[in-house]
Protein chains: 2
Amino acid sequence: MAQIISEKRDVEFVLHEQLEVGDFSKFEKFSAFNKKTIDMIIKEARKLAVDEIYPTVKEGDEVGCTFEGNGVVKIPESFVRVYNLLKDGEWTAMTEDPEWGGQGMPKSVALAASEYFNGANFPLMMYPGLTHGCGKLIESFGTEEQKAVYLKKVYTGEWCGTMLLTEPGAGSDVGALETVAIPQGDGTYKIKGQKIFISGGEQTQLSDNIIHPVLARIEGAPAGTKGISLFLVPKYRVNKDGSLGEFNDVTCTGIEHKMGIHGNCTCTLSLGEKDNCIGTLLGEENKGMAHMFLMMNEARQLVGLQGFACASASYLNAVNYAKERVQGADLTNPKAGGVAIINHPDVRRQLLIMKSYVEAMRSILYYLAMCYDKAETAENEDEKAMWEGLAEILTPIGKGYVTDKAFEVCSHGMQVYGGYGFIEEYPQAQLLRDCRITMIYEGTNGIQAMDLLGRKLGMKKGKLFMDLSAQIAKTIGEAKKVDGVADLAGKVETVLNKLGEVAMHLGKTAMSEKVKTAFAFAHPFMEATGDVCAAWMLLWRATIAQQNLGKKKKEDIFYNGLIKSAQYFINSVLPVTMGKMQAILDNDSATVEIDEASFVS
Amino acid sequence: MAQIISEKRDVEFVLHEQLEVGDFSKFEKFSAFNKKTIDMIIKEARKLAVDEIYPTVKEGDEVGCTFEGNGVVKIPESFVRVYNLLKDGEWTAMTEDPEWGGQGMPKSVALAASEYFNGANFPLMMYPGLTHGCGKLIESFGTEEQKAVYLKKVYTGEWCGTMLLTEPGAGSDVGALETVAIPQGDGTYKIKGQKIFISGGEQTQLSDNIIHPVLARIEGAPAGTKGISLFLVPKYRVNKDGSLGEFNDVTCTGIEHKMGIHGNCTCTLSLGEKDNCIGTLLGEENKGMAHMFLMMNEARQLVGLQGFACASASYLNAVNYAKERVQGADLTNPKAGGVAIINHPDVRRQLLIMKSYVEAMRSILYYLAMCYDKAETAENEDEKAMWEGLAEILTPIGKGYVTDKAFEVCSHGMQVYGGYGFIEEYPQAQLLRDCRITMIYEGTNGIQAMDLLGRKLGMKKGKLFMDLSAQIAKTIGEAKKVDGVADLAGKVETVLNKLGEVAMHLGKTAMSEKVKTAFAFAHPFMEATGDVCAAWMLLWRATIAQQNLGKKKKEDIFYNGLIKSAQYFINSVLPVTMGKMQAILDNDSATVEIDEASFVS
């Protein structure tokens, strides 16, 4: 049967040949995860994804969620069985401490399982995904008591979790939120406010309690982000024996009708309508934003994975379709009758664009996950800091760049299907629709670009960017020694050097009175940086492939494909990247200069 | 009230200041259409669009069409009233001969009305749009008898029309179709076959008959495109007195569930299920493809307009939203509290991208329409041929490039809305979904790119391309004389020269054994050509704007906006275009070389 979610061989390649994640098993923390175990895990994950999760994706889209009034939300029934399988198979907290119900896996290994799960049905995976994020907050900032009550139940998926940030007047600007927390004198707080866009905010089919980490402002706290605290607010209060107590006055008042991710309910939640919503402080007073920030990178990487997983599925569908669909004669043999459309240059071009982006995105995301494993197993503080810094600077790429490109890939995936791509009977339309949200939530891609230029680029006097450049240069250096890819390496080097020039220029401009012009180029800069990272990954892959050629015929087909991806991207995409960087250097400020009134007269 | 479909001032600018379409009134054919009349027409069209058509767009999307079994299709009820208003207002055949119920307008003038109508609800406008296309075929190829029976009723919208090309095995490859026509010896044919993706293929609410031009193969005719003929097949036969006769055995067997354009039914039609479907030949035997081709440019331009109209509406919505939505502080004044998001550089960048593309697309499409008016009023055959040639070469740009960019604009339009963009309650999601089909139907944009490179570029030994270049060079020459835009003109000239080089290179490559590599760059070439055309139009606009500055304060706001669009596009987009062209010249052939098996291992 044709592969429908992710290319098995390529996942194995990234894990074992490019990143060699099996090597983490030499550290005690990850000693259980040698190559053999990893392969077993991935095999199980793939099986679960293909056999159980994927079959629910269409129903999830078509049936969607319904708000039945009186606070009741119904999610697709088929999700329940799958959620229980994920829970029973202990897939809900793969990377967490076994003490709290986790599996203690390296992040890079868990990512491969997540790739399959999210590629199969990411709207479904949002339920355990947010639950995991909620657990992470409790683990990181909870008191011993909070951990004892909630953590294991959340990590094991017995109770679901969410994240309550957004309000009608506070989207990208979280600091504008108005939900209040009134101290009760007993260490608890009464919470009052309205939250919107809460994924998985209400349901009863997956869990009998839902734990909401809530951003709110303690009465009298300063305005803006520095007065925001984080609270733990369960849907039902929990008795001392762990059983469920009183309803905690968290009511769903409606769900959104969205363009995609229909299977995940997007709820409006009203807290304390009856003045009876009690929360406990999670972490420190007025440190809510800082606490959230600590979790944000991981959440953003998950969103990158969601977008990428759509792209990967869309790509495989497109290849399968293009090999089967006969339409039109070959350009060089017009009289011989119809051929499969994969033979037409424009279809092939689109497939090769998709292939090279999918491979590059996979490597970027796995590398990002691996940075955490490297930090975890670092031999000293400097090394640890370096890997953490790489994860920091690569996060806007892994979220912003990846989801931008994932959406483009999904659009190509629709185009290859022709008219059938637009018909909901086929899978491409849902993938395009679902993918689109990943450019928006968890910080719009504009916010990601600002994060890269405004925060990450300047961090530690530019050390993060220099470390990233050094890693890329290392790959270039190695590729230069290998016949067949040395030329490509030289081209990536040229682009990397130009990126350095652009970063310098933008960094300076951002410090000058032209700061707005600099930020008007934040997104193009993220795109250029992403292109260079993609080229880096593709060159790295091609270098390994080139060295392995000629050993096994079947393997050569795969390795040659990797070389072609790199060749295509470096020769046909990087010249465009050069143009993008030139535009940044040219520094035109029309964006800033144009009168607001001139947009529409 | 904020403008919601098209910017009134910009439409007026293109008509009267850029293209000066009122001048056509000096020719007898268009003598009724002086500036005053034109403005009156546009005003009425705008009123109809805003007051009557636009209010149906959301219901059309939400309710959509339903297949009720037994061949019955129901379209949104609110469309009926609007269709009748269009019919009663005589908007259904604006450019056609009054003899047949038309209004005899210049195409460029009619386009402005169409822009408003399509921007208000293009899925609805597909019903009269296809009806008009059907009429055009009857007018061009019908016998006197066919014209007498059908033409006026179709042009006036009393009967609806369609276009039956696609079959399950014949999409882009129309030549593969299998519908047969069996001569009955009395000049009529029995038609038998199945057609899919037929927009407006069945309904009873708008008209009591539907006229289907059908591509079919006469029994025994050659295989492929050269054996295809065109037939006129009514849903109900027509008696000699013009009254409706017997049902003609054209049955709808189902409709598609699509990602967008829900208000337009996409039907599967079965012809001759009971061996009782009678058609008459329209035009010459085996000339069906040639006849269709003659109509194709116009149909493609209409699709370009549909995509563009979505982009225009999405842009206006985004500007309106960005001026109202307060979120986050100003970058240069972080302590002063929230500002409207139009002040944030990344939002402004997206708005300016949208603005410059929308303006460029509007000018491209109106110019294209104007080419026909110029041809119609040409003083000699050479001039006429030149304008017809310009229309030919600009058609793939007006369809392929415009709809590619329109979809990008709609995606920006969603992004500016943040999370609200993804919610169907707001207009941006539908615009994105509806817009996406325009890249696919009426020849996918890959087909458009092949048309540009494989047909139009080489036509008349490259004369079309040279004429286009000469037109662009003329604008550059004029701009060079105007302070304030002369610099911009120089930059457009550089890009135009490079495009010439690229066209030469691709033309040669297409003739060599590397033909497939050339066609793998067909789409990038269309994109580069489109970028140059966009720059041309924006430069032209800016040149006029620059010369009008300083006369009226309110007008200066508008004119300065035009100059900023040109400045932005030329300084920040054209460097990327240069990169795209460099990639074409670099001529990498990974696309062609990659083994089919290497796509997925």
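This briefing describes a predicted model with chains A and B, by topic. Chain B superposes on chain A by a rotation of 180 degrees with 0.0 Å of shift along the axis, at an RMSD of 0.0 Å. The two copies are thus related as by a two-fold rotation axis. Between them, 85 residues of chain B are in contact with 85 residues of chain A.

Residues are numbered from 1 along each chain as its sequence is written, while chains are lettered from A and ligands numbered from 1 in the order in which they are written. In this predicted model, local features need pLDDT of at least 70 and side-chain atom pairs count only at pLDDT 80 or more, whereas totals for chains, interfaces and linings use all residues.

**Domains of chain A**

- The domain assignment divides chain A into domain 1 (20-64 + 75-155), domain 2 (160-289) and domain 3 (453-588); such bounds come from an automatic or database domain assignment.
- Domain 2 of chain A and domain 3 of chain A have C-alpha centres that lie 41 Å apart.

**Symmetry and the interface**

- Two copies of a chain are related by a rotation about an axis and a shift along it.
- The superposition is by least squares on the C-alpha atoms of residues with pLDDT of at least 70 in both copies.
- B:Gly579 comes closest to the rotation axis among the residues of chain B, with its C-alpha at 2.4 Å.
- The same surface serves both copies, as 100% of the contact residues of chain B recur in chain A; residues are in contact if their C-beta atoms, placed from the backbone, lie within 7 Å.
- On the side of chain B that touches chain A there are 37 nonpolar, 27 polar and 21 charged residues. Here Ala, Val, Leu, Ile, Met, Phe, Trp, Tyr, Cys and Pro count as nonpolar, Asp, Glu, Lys and Arg as charged, and the others, Gly among them, as polar.
- Helix H16 (residues 553-586) of chain B gives the most to that side of chain B, with 18 residues. Helices (H or I, at least four residues) and strands (E, at least two) are DSSP runs numbered from the N terminus.

**The nonpolar core**

- The largest nonpolar core has 422 residues, and those with the most contacts inside it are A:Ile364, A:Leu539, B:Ile364 and B:Leu539. Such a core is a set of buried Ala, Val, Leu, Ile, Met, Phe, Trp, Tyr and Cys residues joined through C-beta atoms within 7 Å.
- A residue is buried if 20 or more other C-beta atoms lie within 10 Å of its own, exposed if 12 or fewer, and partly exposed in between, with C-beta atoms placed from the backbone.
- Not counting residues up to four places away in sequence, B:Leu539 touches several residues, including B:Thr475, B:Val485, B:Ala566 and B:Ile570.

**An enclosed strand in chain B**

- Strand E6 (residues 210-218) of chain B has eight of its nine residues buried, so it is largely enclosed by the rest of the structure.
- Strand E3 (residues 160-161) of chain B runs parallel to E6(B) and is joined to it by two bridges; B:Cys160 has B:Ile210 as its bridge partner in E6(B). Strands pair if DSSP finds at least two bridges between them.
- Strand E4 (residues 180-183) of chain B also runs parallel to E6(B), again with two bridges, and B:Ala181 stands opposite B:Ile218 in E6(B).
- Strand E7 (residues 228-234) of chain B runs antiparallel to E6(B) and is joined to it by seven bridges; the bridge partner of B:Pro213 in E7(B) is B:Leu232.

**An open hairpin in chain A**

- None of the eight residues of strand E14 (residues 333-340) of chain A is buried, so this strand lies largely in the open.
- Three bridges join E14(A) to strand E13 (residues 326-330) of chain A in an antiparallel arrangement, with A:Asp330 opposite A:Asn333 in E14(A).
- E13(A) and E14(A) form a hairpin with two residues between them.

**Individual residues**

- B:Val73 lies in strand E2 (residues 73-74) of chain B and counts as buried, with 21 C-beta neighbours inside 10 Å.
- Most residues other than glycine have a negative phi.
- A:Glu442 has a positive phi of about 60 degrees; this residue lies in the loop between helix H10 (428-436) and helix H11 (445-456) of chain A and counts as buried, with 22 C-beta neighbours inside 10 Å.
- A:Lys460 also has a positive phi, near 50 degrees, and is partly exposed, with 13 other C-beta atoms within 10 Å.

Conventions: Two residues are in contact if their C-beta atoms, placed from the backbone, lie within 7 Å.
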